[in-house]
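Biologist: Before we talk about individual residues, I would like each label to be set against its definition. Could you take me through the model in that way?

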Amino acid sequence: MVDEEGPVDDRLAQELAATLAQAQDALPAAAPGAIVAIRQRYRRKRRQRTGLASLAVAVLVLAVTLTGAQLTPGVPSVPPAGEGARGTIRVWAITQPGAEPALRKLVNRYNRSAEVDVDLSTFGNEEYKAKLREVGSPEGPDVFASWGGANLTGLARDGLLADLTPLRDEPGVAGRFLPSALAGGVVDGRQYGIPMGGTHPVVLFYHRGVFADAGVQPPRSYAQLLSLVDTFKARNITPISLGGAHGWTELMWVMYLAERIGGPGTTADIIAGHPGAWSKPAVVQALREARALAASGAFGADFDSTSYDDGAASGRLAGGHAAMQLMGTWEYPTQLARNPDFVADGDLAFVPFPTVAGGVGDPADLVGVPTHYFSVLAGGRHREAALGFVRAVASDDYLDDLAADGEVPPVTDAADRLRGTEHAGFGTSVHELVTRAPSYGLAWDQALEPAAATALLDNLRRLFRAELTPEQFAAAMAEAD
């Protein structure tokens with residue numbers, strides 16, 4: 001429960017906050033650790049407020065503390081800037097602003113009934129990777145989404161995240177999500193992330209109309225894909241749209257080729273940092289195939305300056321200027337938002353990544369993002385309210401809203417939720433791929449430690465621009481590990 005303050009209390013709190021701001025401007029900057037300690041003590045003591053007199057004393061104590069003195073135990077401090085009488089928890093998520101209707105509805109429902117407000121901020125893929133560095137800082141979130149992988153593991157082992165295992169084990173939560181989805185939020189046997197979005201395997205999208213005009217079928221083998229590259233180049237159509245301004249779009253090709261050639265153990269060795277993992281024959285062959293694909297003109301002449309985040313790469317596919325695009329299944333709701341006619345006309349279709357002759361990988365194996373996860377900061381504000389908000393991602397309303405948005409909830413009854421929706425055909429197909437997959441690996445750039453992931457994406461861009469040979473790439477990644 002949060003304090004219910006009347007109008008007089010609110011006005012006085014605002015006046016005191018203004019006084020504090022003026023005092024802080026006039027004083028030397030406090031050390032970052034002192035500020036963090038002040039805020040943490042405030043959160044612990046706020047519920048012990050004994051009245052406005054104590055709050056006034058706290059202003060004086062805090063002003064002294066900013067010059068280097070210690071905060072007097074037992075004296076409540078002032079609220080952080082921007083927190084109103086009801087209290088607020090900051091929630092961060094990965095998505096394009098304005099393109100998250102289910103999540104917005106969840107926030108609105110929560111804010112109508114809870115005593116603490118949720119302030120939702122959303123970010124694009126590239127921006128969010130930088131924002132995650134602020135988790136645990138005073139400017140960071142109380143609840144945040146992640147891809148799982150090394151980032152989540154590091155934060156959990158540093159003691160920054162609340163253990164969500166008891167929440168996961170509650171009735172209506174544990175048995176609801178697919179095991180592959182829950183597994184990505186586990187660190188050292190404890191649950192630190194709860195699935196909060198759709199499942200997103202990477203698949204090969206194609207423009208049905210462009211294929212029909214050329215009289216060809218989508219590829220089932222990599223040899224057929226190479227043949228299609230020649231077919232579409234001859235028709236002056238870019239065979240494959242690629243937002244190569246971001247290395248993660250190029251990574252999809254290398255990941256799948258390595259999986260199809262060498263099997264999921266190839267990825268496991270890379271993620272585990274086993275010596276020689278980057279030089280394994282399956283990886284080197286995958287690098288050669290990807291580099292040759294770029295050199296052949298499969299991605300067009302300007303792929304390395306084309307962005308995905310701004311919609312350029314998806315727009316080429318939607319407009320019929322490109323025939324195919326390898327992308328996570330978030331492409332479907334992205335096209336719904338950016339190019340709805342393309343979807344409505346039935347021209348957006350997909351097939352699994354093709355098989356590779358001689359490869360030992362299972363054709364049903366997937367790579368991508370099993371889901372996004374909500375985690376709760378261990379020392380965040382209004383912990384119980386934050387847990388209540390995260391619990392709501394397992395609610396029927398939210399899961400049904402995800403399905404209505406064209407997402408595929410990573411839950412056991414997804415087929416039932418998708419049935420009858422406008423996007424049932426697409427969603428059911430994705431759900432079947434996921435439930436049949438013997439292996440569903442997380443994208444390498446999320447599974448690896450941040451420094452290695454950065455080196456991976458930088459080196460991939462150099463590989464696709466023919467600035468590195470496959471062997472040089474493998475050597476550079478071995479050094480980065």
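Biologist: Why is histidine 382 called buried?

Modeller: Histidine 382 has a relative accessibility of 16%, and buried means under 20% relative accessible area, exposed over 50%, and partly exposed in between, with a 1.4 Å probe and protein chains only, so histidine 382 counts as buried. Its place is in the loop between strand 12 and helix 17 (383-391), where helices (H or I, at least four residues) and strands (E, at least two) are DSSP runs numbered from the N terminus. This is a predicted model, in which local features need pLDDT of at least 70 and side-chain atom pairs count only at pLDDT 80 or more, while totals for chains, interfaces and linings use all residues. Residues are numbered from 1 along each chain as its sequence is written, and side-chain values use heavy atoms, with hydrogens and water left out.

Biologist: What makes the backbone of histidine 382 worth a remark, given its phi?

Modeller: Histidine 382 is not a glycine, yet it has a positive phi of about 50°. Most residues other than glycine have a negative phi. Aspartate 188 also has a positive phi of about 50° without being a glycine, and it lies in the loop between strand 4 (186-187) and strand 5 (190-191).

Biologist: Is aspartate 188 buried or exposed, and how do you know?

Modeller: Aspartate 188 reaches 56% relative accessibility, and therefore counts as exposed.

Biologist: Why does histidine 423 count as buried, and which residues does it touch?

Modeller: Its relative accessibility is 6%, so histidine 423 counts as buried. Histidine 423 sits in the loop between helix 19 (414-418) and helix 20 (424-436), and, leaving aside residues up to four places away in sequence, it touches Tyr332, Leu336, Ala403, Ala404, Asp405 and Gly406, contact meaning heavy atoms within 4.5 Å.

Biologist: Why is helix 22 called roughly antiparallel to helix 23?

Modeller: Helix 22 (residues 450-464) and helix 23 (residues 470-480) pack at an angle of about 165°, with their axes 10 Å apart. Angles under 35 degrees count as roughly parallel, over 145 as roughly antiparallel, 65 to 115 as roughly perpendicular and the rest as oblique, which makes helix 22 roughly antiparallel to helix 23. The axes are lines fitted to C-alpha atoms, for helices over the stretch in contact, and the angles run from 0 to 180 degrees between N-to-C directions. Among the residues of helix 22 that meet helix 23 are Ala452, Leu456 and Leu463, while the helix 23 side includes Phe473 and Met477.

Biologist: What makes a set of residues a nonpolar core, and which members of the largest one touch the most others?

Modeller: A nonpolar core is a set of buried Ala, Val, Leu, Ile, Met, Phe, Trp, Tyr and Cys residues joined through side-chain atoms within 4.5 Å. The largest has 137 residues, of which Phe232, Trp253, Trp278, Phe374, Leu456 and Phe464 touch the most other members. Helix 11 (residues 247-262) gives the largest share of this core, 10 residues.

Biologist: How do you know that strand 1 and strand 2 pair, and in which sense?

Modeller: Two strands pair if DSSP finds at least two bridges between them, and strand 1 (residues 88-94) pairs with strand 2 in the parallel sense over 7 bridges. Both belong to an open sheet of 5 strands in the order 2-1-3-12-6, with mixed pairing. Strand 2 (117-123) and strand 6 (194-195) are called edge strands, as each pairs on one side only.
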